[in-house]
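Subject: Handing over the structure

Hello,

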Amino acid sequence: AASASGATPAQATSASGATPPAAASASGSPSPAPGDGDSPARGRCQGPLCSVGKVAPYQSGDLEQPGELEAAVKARSFAGELVITYANEAGSAWVTNLVLSLRDVGIEHWFVIQMTKRGCDGLFNSPGRISCGHSTWDMDGCKSEADRTGATERMWFIRHYYLARIIDLGEVNVMALDGDMTMQRLPYPWLHDPQTLGGHNFVLSLDNGASALMINNGFMYLRACRPRGQVQRILYEILRREKDVCRNPKVYAKGGAYWTPTDRANITEGHHNYIFVSAKDQKIYQDVLMSAFCGRHLIVRNEPTQVHIPKGRWNEYVKHFTGGLSNDEMEACARFTEHFNQGGSSKKDGWTHWTHPLRLPKRPPGNGLVGVHLRGENTAEDAAAIARAEAGQEEPPPETAAAPNASFISSWHGTMEGEVAGWDGHWAYKPPAVAHFVGGMDKVDAMQALGWWRYETEVVLANMRARRAE
């Protein structure tokens, strides 16, 4: 599939000289073709990426210890593919139900990252034999378990960290899934379709629109991503922006360099104290992805500390933190390129997928903070590289992002008036391959009402509770 720039990503060679796996053909799978509504019967998966019964259970040690991540990836990957998910002990039910749904469609090549050894011990020693490892990573001290929100935020950001590290291994394509998802069909016919998603490095999930500003980070699929390439740079930039706030609290406080220029211009106001914000990692992810789409460092979605933008001042806010873009210009460069069914040209034909090249600038020598020193600027070296990529002169070709349509992944927030994705709507008769239960609903109740909550999940949880009581 061609990217928005016309380039087709080639298989990349890792730093070790090994070539990451090409997408295996999933044409032998009995899973329905993209768009078909019926789910396959449990246990009837066929084809090269059906791994149930072919991958042994595995429990790693602390993934921060030397060799542990490498051993876990080797033990649990299959045919060049791996699926990861992540949870704290309180989320054990969700990830258990998720990995059981993966087993139902034929996928055993998954691995759960638990925040504690006790949590992983409980999953692995249960009747479900949930393969897992635990991690002591805490973002270099920025997400300490001792902090009031540190444990929660550590779990949010840990996916980006380990995805970036797995790219360095140069061995597998990796899918990352939030625990509040269920898999209804084998996903690889969509992901490896050469006419749509198959040529792209970073497959993402849309939330409410085809824009980097509307991406949901609950689903990511990384294919043949190069060490030090665009996708890895994006993942590390997400972590870097959060660490910037952690390490420079005075910069983002009242009177600090971040808000003082806009406060003085009456573009912003407020006490600018640090506050806990739900899904902060997703807001940073949207900003970084928008920066990669627009080819310049931007920060709009994430507010590092509390702020109020007075009525009528939004356009000035955007202009300041994008380095001069208007709101319309920002939205235009953040927008995906649309691709329609049967070569159509408008939404009446229906969308197949969306694409965009990635071109996140390097931080210049001396780095600097996005929103303070870096607002829209990029280095002359990066500007020249972007021009070469857009002219199709870069070798290897630039890494590209793609987003599938709702036949592959669909989100149900359960909070919007008239929303009918769930049991009273199309999920009941035409479920997507990946269903994401987003937002403030009672997710377990919703899964149970659709028949997507597995009895075996309760067996695993009961066993974990019994072991803790001993």
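Predicted model: local features only at pLDDT ≥ 70, side-chain atom pairs only at ≥ 80, totals over all residues.

I began with the cysteines. As a reminder, a disulfide is a covalent bond between the sulfur atoms of two cysteines. The count in this model comes to 4 disulfides, and if you number the bonded cysteines along the chain, they pair in the pattern 1-2, 3-4, 5-6, 7-8.

One of these links is between cysteine 45 and cysteine 50, whose sulfur atoms are 1.9 Å apart; the angle about its S-S bond is -65 degrees, and the link is left-handed. Are its two ends buried or exposed, or something in between? Cysteine 45 has a relative accessibility of 22% and therefore counts as partly exposed, since buried would require a value under 20%. Cysteine 50, with a relative accessibility of 7%, counts as buried.

Another disulfide joins cysteine 120 to cysteine 132, with an S to S distance of 2.1 Å, and with 95 degrees about the S-S bond this link is right-handed. Cysteine 120 belongs to helix α3 (residues 117-124) while cysteine 132 belongs to strand β4 (residues 132-134), so the bond ties together parts that lie 12 residues apart in sequence. Cysteine 120 is buried, its relative accessible area being 0%, and cysteine 132 also counts as buried, at 0% relative accessibility.

A further disulfide is formed by cysteine 294 and cysteine 333, with their sulfur atoms 1.9 Å apart. The torsion about the S-S bond of this pair is about 85 degrees, so the disulfide is right-handed. This pair links distant parts of the chain, because cysteine 294 sits in helix α8 (residues 280-294) and cysteine 333 in helix α10 (residues 327-333), 39 residues apart. Separately, cysteine 225 counts as buried, with a relative accessibility of 7%.

I then turned to the largest pocket, which has a volume of about 770 Å³. Its lining is made up of 32 residues, and those that lie nearest its centre are Trp156, Arg159, Asp178, Asp180 and Lys443. By residue class, the lining divides into 12 nonpolar, 12 polar and 8 charged residues. Which elements each supply at least two residues of this lining? They are β2 (81-87), α2 (92-104), α4 (150-169), β8 (215-222) and α8, and the largest share, 4 residues, comes from α8.

Finally, I looked at how α4 and α8 pack against each other. Two packed helices are described by the angle between their axes and the distance between the axes. For α4 and α8, the angle is about 35 degrees and the axes are 9 Å apart. On the α4 side, Glu153, Trp156, Phe157, Arg159 and His160 take part, and they meet Lys280, Asp281 and Ile284 in α8. The residues of this contact between α4 and α8 divide into 3 nonpolar, 1 polar and 4 charged. If you compare the two lists, you will find that Trp156 and Arg159 of this contact are also among the residues nearest the centre of the largest pocket.

Best wishes

Terms used
Residues numbered from 1 in each chain as written. Heavy atoms only, no water. Disulfide = S-S within 2.5 Å. Buried < 20%, exposed > 50% of the residue type's maximum accessible area, 1.4 Å probe, protein only. 1 Å grid on protein atoms, 1.4 Å probe; cavity = no way out; pocket = protein on both sides within 12 Å on 5 of 7 lines; lining within 4 Å. Points joined across faces, edges and corners; volume = space filled by probe spheres on them. Nonpolar A, V, L, I, M, F, W, Y, C, P; charged D, E, K, R; others polar. Axes fitted to C-alpha atoms, helices over the stretch in contact; angles between N-to-C directions. Contact = heavy atoms within 4.5 Å.
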